[in-house]
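Hello,

Here is the structure we spoke of handing over. My notes follow below it.

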Amino acid sequence: SDKYGAVKVTSTWRPPWRARRASYHLRCEAMDFRVPGKPPRAVLEWVRTTIPEAGGHKVYWNGLIHIDTGPRRPW
């Protein structure tokens with residue numbers, strides 16, 4: 001939020017019936033979010049270069065950004 005302003009978090013923890021088996025959301029170690037008015041890919045690139053503890057990262061088809069504490073991997 002320091003860089004882009006308002007961040008809208010859409011998901012952190014998810015119950016087992018709503019998450020994949022190995023999802024970091026099950027352990028509250030993942031976050032899906034949007035930054036209104038900012039290009040998702042630009043935000044994700046900033047995350048990749050600035051927050052090394054964000055291992056998994058991707059932009060979903062709908063513009064939602066996902067980061068988690070897992071090993072570094074893009075899907």
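This is a predicted model: local features need pLDDT of at least 70, side-chain atom pairs count only at pLDDT 80 or more; totals for chains, interfaces and linings use all residues.

Salt bridges

The structure contains three salt bridges.

One of them pairs Asp 32 with Arg 14, with 2.4 Å between the closest N and O atoms. This pair connects distant parts of the chain: Asp 32 sits in strand S2 (residues 30-34), while Arg 14 belongs to the loop between strand S1 (8-11) and S2, and the two are 18 residues apart. Buried or exposed, where does Asp 32 fall? Asp 32 is buried, because its relative accessible area is 0%, against a cut-off of under 20% for that class. Arg 14 has a relative accessible area of 16%, so Arg 14 is buried by that rule as well.

Another salt bridge joins the side chains of Arg 27 and Glu 29, at 3.7 Å from N to O. Arg 27 has a relative accessibility of 47% and therefore counts as partly exposed. Glu 29, with a relative accessible area of 31%, is also partly exposed.

In helix H1 (residues 40-50), Glu 45 and Arg 48 are three residues apart, which means that about one helical turn separates them. Their side chains meet in a salt bridge, with an N to O distance of 3.4 Å. Glu 45 counts as partly exposed at 39% relative accessibility, and Arg 48 does so at 32%.

Single residues

Cys 28 is one to check in the backbone: its phi is positive, about 60°, although the residue is not a glycine. Cys 28 is located in the loop between S1 and S2. With a relative accessibility of 46%, Cys 28 is classed as partly exposed.

His 66 belongs to strand S4 (residues 65-68). Its relative accessibility is 5%, so His 66 counts as buried. How far apart in space are His 66 and Thr 10, C-alpha to C-alpha? The distance is 9.9 Å, for two residues that are 56 apart in sequence.

The chain overall

The secondary structure consists of one helix and five strands. Their order along the sequence is β-β-α-β-β-β.

As for dimensions, the C-alpha atoms occupy a box of roughly 30 × 20 × 20 Å along the principal axes. The radius of gyration is 12 Å; a compact globule of 75 residues would have a value near 11 Å, so the chain agrees with that expectation.

Of the 75 residues, 35% count as buried. The accessible surface of the chain is about 5100 Å², and carbon and sulfur atoms account for 56% of that area. Taking the contacts between residues at least 6 apart in sequence, 37% of them join residues at least 24 apart.

Regards

Notes
Residues are numbered from 1 along each chain as its sequence is written. Side-chain values use heavy atoms; hydrogens and water are left out. Helices (H or I, at least four residues) and strands (E, at least two) are DSSP runs, numbered from the N terminus. The radius of gyration is taken over C-alpha atoms; the globule rule is 2.2 Å times the number of residues to the power 0.38. Buried means under 20% relative accessible area, exposed over 50%, partly exposed in between (1.4 Å probe, protein chains only). Contact means heavy atoms within 4.5 Å. Accessible areas come from the Shrake-Rupley method with a 1.4 Å probe; for residues, only the protein chains shown count as cover. A salt bridge is a side-chain nitrogen of Lys or Arg within 4 Å of a carboxyl oxygen of Asp or Glu.
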